[in-house]
Amino acid sequence: MNIRIEWIYRTSKGAETFFYSEEMPAAQALLFAEDMERTGRVKSIMFIDLFDSKWTLKELKGYLKGIETEPHNVKVYFDGGFDRATFSSGLGCVIYYEQSGKSYRLRRNAPAAALTSNNEAEYAAFYLCLQELELFGVHHLPVQFIGDSQVVINHLREDWPVIEKDLSNWADRIEQKMKELGLQPEYNLIPRKLNSEADRLATQALNGIEIKAVSEVSGG
């Protein structure tokens with residue numbers, strides 16, 4: 001979770017002024033806040049998240065302690081592939097997350113049938129990611145969803161209207177699952193070359209190679 005710090009600084013003679021920081025990870029914000037408190041010159045400190053909700057120092061400490069042993073700082077990459085000749089699809093999903101002080105990567109793919117377009121395969125890949133998040137207990141957290149599908153990203157951002165019924169049904173399923181899990185999504189559109197992991201997994205699924213693996217990521 002990224003937040004910004006807002007605080008009132010008071011001089012030794014009692015003059016006060018207001019400051020606010022740029023956005024930063026919550027754990028980093030806590031370190032700065034605790035350091036500022038030690039100066040004895042901070043009258044009040046408040047933390048503001050991406051949804052403009054306010055957190056006290058005590059609340060932020062409790063939040064960070066609570067998520068330490070659960071998956072958090074989650075980034076999800078998705079990609080779908082579609083073979084027009086066979087009407088078969090491959091879905092790719094890569095999830096980066098932190099848990100108990102370590103960083104991990106989950107790679108997952110799956111074949112899919114009965115889809116009719118590459119856009120639908122992209123949606124199905126996104127939904128596969130949500131199912132994986134549910135399986136290992138990600139809930140009530142901000143999550144970054146990253147992909148190269150302009151259609152999916154812009155639909156879910158509500159920048160583009162969803163006209164096709166098949167895609168509208170997928171968007172509805174995704175929104176419902178988001179609500180069930182209590183996720184706070186952030187959508188990022190990237191060039192295809194930066195989505196190579198998920199793309200490779202989708203291609204492997206098309207070729208009959210199924211993968212599900214979790215590995216620790218060195219260096220955090």
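## Strand pairing, ring pairs, core and salt bridges

E6 pairs with strand E9 (residues 142-147) in the parallel sense, over 4 bridges. The structure is a predicted model. Phe 82 has Ser 89 of E7 opposite. The hairpin of E6 and E7 has 4 residues between the strands, and within this hairpin Phe 87 takes a positive phi near 55°.

**Aromatic rings**

A pair of aromatic rings is described by the distance of the centres and the angle of the planes. The count for this model is 13 aromatic pairs. One of them is formed by Trp 55 and Tyr 63: the ring centres are 5.1 Å apart and the planes meet at 70°, so this pair is edge-to-face. Trp 55 is buried, at 18% relative accessible area, and Tyr 63 is buried too, at 14%. Tyr 77 and Tyr 96 form an edge-to-face pair as well, because their planes stand at 80°, with ring centres 6.1 Å apart. Tyr 77 belongs to strand E6 (residues 72-83) and Tyr 96 to strand E7 (residues 88-99), so the pair ties together parts 19 residues apart in sequence. Tyr 96 counts as partly exposed, with a relative accessibility of 25%.

Elsewhere, ring pairs link Phe 78, Phe 126, Phe 145 and Tyr 187 into a cluster. A charged side chain also meets a ring: Arg 173 lies over the face of Tyr 127, at 4.3 Å from the ring centre.

**Nonpolar core**

The largest nonpolar core holds 57 residues, and those with the most contacts inside it include Phe 47, Leu 60, Phe 126, Phe 145 and Leu 183. Helix H3 (residues 118-135) gives the most to this core, namely 10 residues. Leaving aside residues up to four places away in sequence, Leu 183 touches Leu 130, Leu 133, Val 138, His 139, His 140, Leu 141, Val 143, Phe 145 and Met 178.

**Salt bridges**

Side chains of opposite charge can pair when their charged atoms come close. The whole structure contains 14 salt bridges.

| Salt bridge | N to O distance |
|---|---|
| Lys 43 and Glu 16 | 3.2 Å |
| Glu 197 and Arg 105 | 2.5 Å |
| Arg 192 and Asp 148 | 3.3 Å |

The bridge of Lys 43 with Glu 16 links distant parts of the chain, with Lys 43 in strand E4 (residues 42-49) and Glu 16 in strand E2 (residues 16-20), 27 residues apart. Lys 43 is partly exposed at 45% relative accessibility, and Glu 16 is partly exposed at 40%.

In the bridge between Glu 197 and Arg 105, Glu 197 lies in helix H6 (residues 196-206) and Arg 105 in strand E8 (residues 102-112), so parts 92 residues apart in sequence are tied together. Arg 105 is partly exposed, its relative accessible area being 23%.

Arg 192 and Asp 148 meet through their side chains. Arg 192 sits in the loop between strand E10 (184-189) and H6, and Asp 148 in the loop between E9 and helix H4 (150-156), so this pair ties together parts that are 44 residues apart in sequence. Arg 192 counts as partly exposed at 46% relative accessibility, whereas Asp 148 is buried at 13% relative accessible area. Salt bridges with shared partners join Asp 79, Asp 148, Arg 192 and Asp 199 into one network.

Note on methods: Residues numbered from 1 in each chain as written. Heavy atoms only, no water. Phe/Tyr/Trp six-rings, centres within 6.5 Å; stacked < 30°, edge-to-face > 60°. Buried < 20%, exposed > 50% of the residue type's maximum accessible area, 1.4 Å probe, protein only. Helix = DSSP H or I, 4+ residues; strand = E, 2+ residues; numbered from the N terminus. Lys NZ or Arg CZ within 6 Å of the ring centre and 35° of its normal. Core = buried A, V, L, I, M, F, W, Y, C linked by side-chain atoms within 4.5 Å. Contact = heavy atoms within 4.5 Å. Pairing = 2+ DSSP bridges. Salt bridge = Lys/Arg side-chain N within 4 Å of Asp/Glu carboxyl O.
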